Number of protein chains: 2
Amino acid sequence: MRSLGNKIEVLKVIAHPVRIRILEELLKGVKCVSDFEDFLEISQPNASQHLSLLRRYGLIDYYMDGRLRCYFLRDPIVPDLLAILGKEYQEELPAPPCCPVTKKGKYPGVRPGKKT
Amino acid sequence: MRSLGNKIEVLKVIAHPVRIRILEELLKGVKCVSDFEDFLEISQPNASQHLSLLRRYGLIDYYMDGRLRCYFLRDPIVPDLLAILGKEYQEELPAPPCCPVTKKGKYPGVRPGKKT
DNA sequence: ACTATACATGCAAATATTATTATATTTTTA
DNA sequence: TAAAAATATAATAATATTTGCATGTATAGT
């Protein structure tokens, strides 16, 4: 299992437009580097760098088929995160019953060691 | 609704150890700035900066109670993401039936315009 | 009115991320 | 075995993020 700190690093790695597209493509199935070049509008070395970053964090891996590298998804957190990114959120969370701006509110939290 | 690009920005904003802790605390309930100072080991201005970044992206908001600012969660994507970060993943995703390294595999994808 | 409290803001320094370019490695094909 | 295809690596430059510090503002208490 990953530690929380580790998961945050993973989140950071995922949070990049190119890498999200890569992961979305891999969700559909195996792809090799030059396939990505076709629809990501970036250079081959750049694609390679993103792929190896994703691989360094264990999110994806590859099989080798001759001189092709067939990349595929490996970490189950990826489909979960992509699902959230695809989800439509309509409402905001309910605001807490606290501290209206105009009137004098009352902070509900305990504030040990604080004056006032 | 947020666009995908927008959600990726949000993901990036969330993907920071201090900000994750802030959001986790806010998931429990309203907190004001100096409350965060107590358990995050960072300076007040730094806490304030992280809070205002989170607010700039609409993830949180605050009520004012005198000189306190009572921060609370606002964007429903936050609890969903925190849930995933808390989730335990045991297994890796099933590897695709393709291209074993030792033997000569066969790339399953269509590669239009590519030679070989 | 003065002082302390709670918090925000602006700026500069340190650090990290990203893309670009050139080059290297490996494998297949001719 | 030489050329090409597919991909990786390394170095660099451009840019963005993060923090620290000093200062600013508003409110509350005296």
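The exercises below work through a predicted model, each with a stepwise solution.

Residues are numbered from 1 along each chain as its sequence is written, chains are lettered from A, and ligands are numbered from 1 in the order in which they are written. Because the model is predicted, local features need pLDDT of at least 70 and side-chain atom pairs count only at pLDDT 80 or more, while totals for chains, interfaces and linings use all residues.

**Exercise 1. The sheet of chain B**

Task: state in which order the strands of the open sheet of chain B stand, and which strands are at its edges.

Solution. 
1. Helices (H or I, at least four residues) and strands (E, at least two) are DSSP runs, numbered from the N terminus. Two strands pair if DSSP finds at least two bridges between them.
2. The open sheet of chain B has three strands in the order E1-E3-E2, with antiparallel pairing.
3. E1(B) and E2(B) are the edge strands, each pairing on one side only.
4. E1(B) and E3(B) run antiparallel and are joined by two bridges. Here Cys32(B) faces Cys70(B) of E3(B).
5. E2(B) and E3(B), also antiparallel, are joined by six bridges. Asp65(B) stands opposite Leu68(B) in E3(B).
6. E2(B) and E3(B) make a hairpin with two residues between them, and Gly66(B) in the turn has a positive phi of about 65°.
7. H2(B) packs on this sheet and touches E1, E2 and E3 of chain B, its direction making about 90° with that of E3(B). Contact here requires C-beta atoms, placed from the backbone, within 7 Å.

**Exercise 2. The sheet of chain A**

Task: find the edge strands of the sheet of chain A, and the bridge partner of Cys32(A) in E3(A).

Solution. 
1. In chain A, three strands form an open sheet in the order E1-E3-E2, with antiparallel pairing.
2. Strand E1 (31-32) and strand E2 (60-65) of chain A are at the edges with a single partner strand each, so one side of each has no neighbour in the sheet.
3. Two bridges connect E1(A) with E3(A), and the two run antiparallel.
4. The bridge partner of Cys32(A) in E3(A) is Cys70(A).

**Exercise 3. Two helices of chain B**

Task: describe how helix H2 (residues 17-28) and helix H5 (residues 77-86) of chain B cross.

Solution. 
1. Axes are lines fitted to C-alpha atoms, for helices over the stretch in contact, and angles run from 0 to 180 degrees between N-to-C directions.
2. The axes of H2(B) and H5(B) come within 11 Å and cross at roughly 110°.
3. H2(B) is therefore roughly perpendicular to H5(B); angles under 35 degrees count as roughly parallel, over 145 as roughly antiparallel, 65 to 115 as roughly perpendicular and the rest as oblique.
4. H2(B) passes H5(B) in a left-handed crossing, a term for a near helix turned anticlockwise from the far one by less than a right angle.
5. From H2(B), Leu23(B), Glu24(B) and Leu27(B) make the contact; from H5(B), Val78(B), Pro79(B) and Leu82(B) do.
6. By class, this contact has five nonpolar, no polar and one charged residues. Ala, Val, Leu, Ile, Met, Phe, Trp, Tyr, Cys and Pro count as nonpolar, Asp, Glu, Lys and Arg as charged, and the others, Gly among them, as polar.

**Exercise 4. The surfaces near the DNA strands**

Task: identify which residues come nearest to DNA strand C and which are closest to DNA strand D.

Solution. 
1. A residue is near a strand if its C-beta atom, placed from the backbone, lies within 6 Å of it.
2. Around DNA strand C there are 26 residues, of which Gly66(A), Cys32(B), Ser34(B), Pro45(B) and Ser48(B) come nearest.
3. H4(B) gives the most to the surface near DNA strand C, six residues. The residues of this surface are eight nonpolar, twelve polar and six charged.
4. DNA strand D is surrounded by 26 residues, the closest being Cys32(A), Ser34(A), Pro45(A), Pro45(B) and Gly66(B).
5. With six residues, H4(A) gives the most to the surface near DNA strand D.

Note on methods: Contact = placed C-beta atoms within 7 Å.
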